[in-house]
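Please keep the sequence and the three-dimensional view at hand.

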Amino acid sequence: MTAAPVKSESEIVFTHDKEYVMGTYLRYPVLFVRGEGVFLYDSLGQEWLDFLAGIAVVQVGHCHPRIAQAIAQQASTLMHISNLFHNPLQARLAERLCKLTDMEKVFFCNSGAEANECAIKIARKWGKQQRGNSCYEIITFHGSFHGRTLGAVTATAQPKYQESFAPLMPGFRYLPLNDIEALKSAVTEQTCAVMLEPIQGESGVNLATAEYLAAVRELCTQRNVLLILDEVQCGTGRTGKFLGSQSVGVDGDVITLAKGIADGFPMGACMARGTAATTLVPGDHGSTFAGQPLACAAALATLDVIEEEKLMQNAAHVGSYFKSCLQKLQAELPGRIQEVRGRGLMIGVQLAKPEAKAVYSSMMEQRIIANAVGDSILRFVPPLVVNESHCDRVITALKNALVSLA
Ligand SMILES: Cc1ncc(COP(=O)(O)O)c(C=O)c1O
């Protein structure tokens with residue numbers, strides 16, 4: 001009798017995943033078991049260079065010792081306390097975030113979608129207080145991504161994420177990005193907020209131009225409408241400034257952060273200033289886990305590392321190096337790369353042909369983790385600790401991929 005073949009660790013995991021986990025994700029067949037800095041290690045001990053970082057999450061690198069130590073220390077001191085009680089770490093983190101963003105108050109939550117839900121609730125209540133019950137419309141933009149909860153997915157102006165879940169929330173209107181005339185004619189007495197990502201991440205690193213953002217700010221001020229900036233992906237130092245909007249000198253009234261704020265520990269924050277900062281009162285909003293000591297310890301340590309290791313400067317410097325290498329590759333391989341765009345370490349490569357998935361697969365075979373967005377865009381959002389030689393490796397792998405697919 002022959003013995004049944006022994007299954008590998010990864011085969012067992014893939015089988016269990018398929019059987020017991022809801023099929024909401026398409027997963028690449030690799031099993032990562034360890035991370036360190038810009039590298040992940042799979043179950044066979046192979047090293048992968050991570051230019052995705054969760055998806056723009058692992059800001060200071062995988063398992064940074066300072067973050068690991070802060071979490072471990074806090075876990076053995078006080079892990080959770082109800083928001084019915086004061087929490088010294090939460091108070092410290094709130095002050096720090098307000099100073100970094102020029103905001104006045106913070107509501108903590110656990111994810112980007114939750115941060116945006118909070119922003120939507122602030123905008124609706126604020127609108128009613130300003131102009132009565134019919135002032136609840138929020139304008140968002142084609143190609144946006146604000147999360148998967150029902151409110152956030154309604155704000156996300158991409159039919160592919162919405163169609164199965166209709167009817168959506170009433171009170172949203174969608175416009176093209178970077179068209180100020182369209183926005184001017186869409187804002188009415190019923191508009192309470194304009195909500196946008198300074199750099200759209202999920203739809204392929206599409207930048208709101210500096211002129212457009214300045215004009216949106218001016219319009220919102222003139223018409224007494226809140227400007228909500230979703231900084232969930234482009235915030236926390238990724239573009240070289242703490243906020244993506246700080247690169248172009250535009251302030252929001254409400255700002256949302258999540259993803260990289262605690263280097264992978266779940267946390268989100270909705271921040272506001274002016275009357276928007278005091279709109280919510282006890283009973284209006286809350287969350288059991290939000291702002292718990294463990295998450296705050298991780299976030300405070302993340303902010304320390306970003307500051308002490310000068311990671312915003314690194315993001316700006318290495319980001320522009322990476323972008324220039326991509327532009328050189330564009331010149332070297334005519335007809336393959338249509339555009340290289342982005343700021344700091346949030347970079348999109350628009351391919352001339354719909355071959356993003358094939359390029360992504362080829363790069364993964366070379367153990368470089370990137371991301372294909374739709375048919376023709378590659379997105380790179382690495383940890384902010386990457387250096388030029390890491391970028392060189394990615395360029396070599398991308399070149400190999402493009403040449404082999406020619
Ligand atoms: C700009 C933006 N907003 C919100 C979200 C939703 O964040 P989360 O997945 O943490 O709910 C994302 C996630 O990709 C995002 O990129």
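Angles under 35 degrees count as roughly parallel, over 145 as roughly antiparallel, 65 to 115 as roughly perpendicular, and the rest as oblique. The structure is a predicted model, in which local features need pLDDT of at least 70 and side-chain atom pairs count only at pLDDT 80 or more, while totals for chains, interfaces and linings use all residues. Residue numbers start from 1 along each chain as its sequence is written.

Helices (H or I, at least four residues) and strands (E, at least two) are DSSP runs, numbered from the N terminus. Two packed helices are described by the angle between their axes and the distance between the axes. Axes here are lines fitted to C-alpha atoms, for helices over the stretch in contact, and angles run from 0 to 180 degrees between N-to-C directions. Helix H12 (residues 356-365) packs against helix H13 (residues 388-405) at an angle of about 125°, their axes being 9 Å apart. H12 and H13 are therefore oblique to each other. Two residues are in contact if their C-beta atoms, placed from the backbone, lie within 7 Å. On the H12 side, Ala358, Val359, Ser362 and Met363 meet residues of H13 that include Ala397, Leu398 and Leu405. This contact of H12 with H13 comprises eight nonpolar, three polar and no charged residues; Ala, Val, Leu, Ile, Met, Phe, Trp, Tyr, Cys and Pro count as nonpolar, Asp, Glu, Lys and Arg as charged, and the others, Gly among them, as polar.

The ligand is the next subject. A residue is near it if its C-beta atom, placed from the backbone, lies within 6 Å. Of the 15 residues around the ligand, those that come nearest are Ser111, Gly112, Ala113, Gly147 and Val232. Helix H5 (residues 112-131) supplies the largest share of this shell, three residues. By class, the shell holds five nonpolar, seven polar and three charged residues.

Among the strands, two pair if DSSP finds at least two bridges between them. An open sheet of four strands has the order S1-S2-S3-S15, with mixed pairing. Strand S1 (32-36) and strand S15 (368-369) are its edges, each pairing on one side only. Strands S2 (residues 39-42) and S3 (residues 47-50) run antiparallel and are joined by three bridges; Tyr41 stands opposite Glu47 in S3.

Two backbone details remain. Most residues other than glycine have a negative phi, and most peptide bonds are trans. The peptide bond from Ala166 to Pro167, however, is cis, with omega near 0°. Val205, not a glycine, has a positive phi of about 60°.
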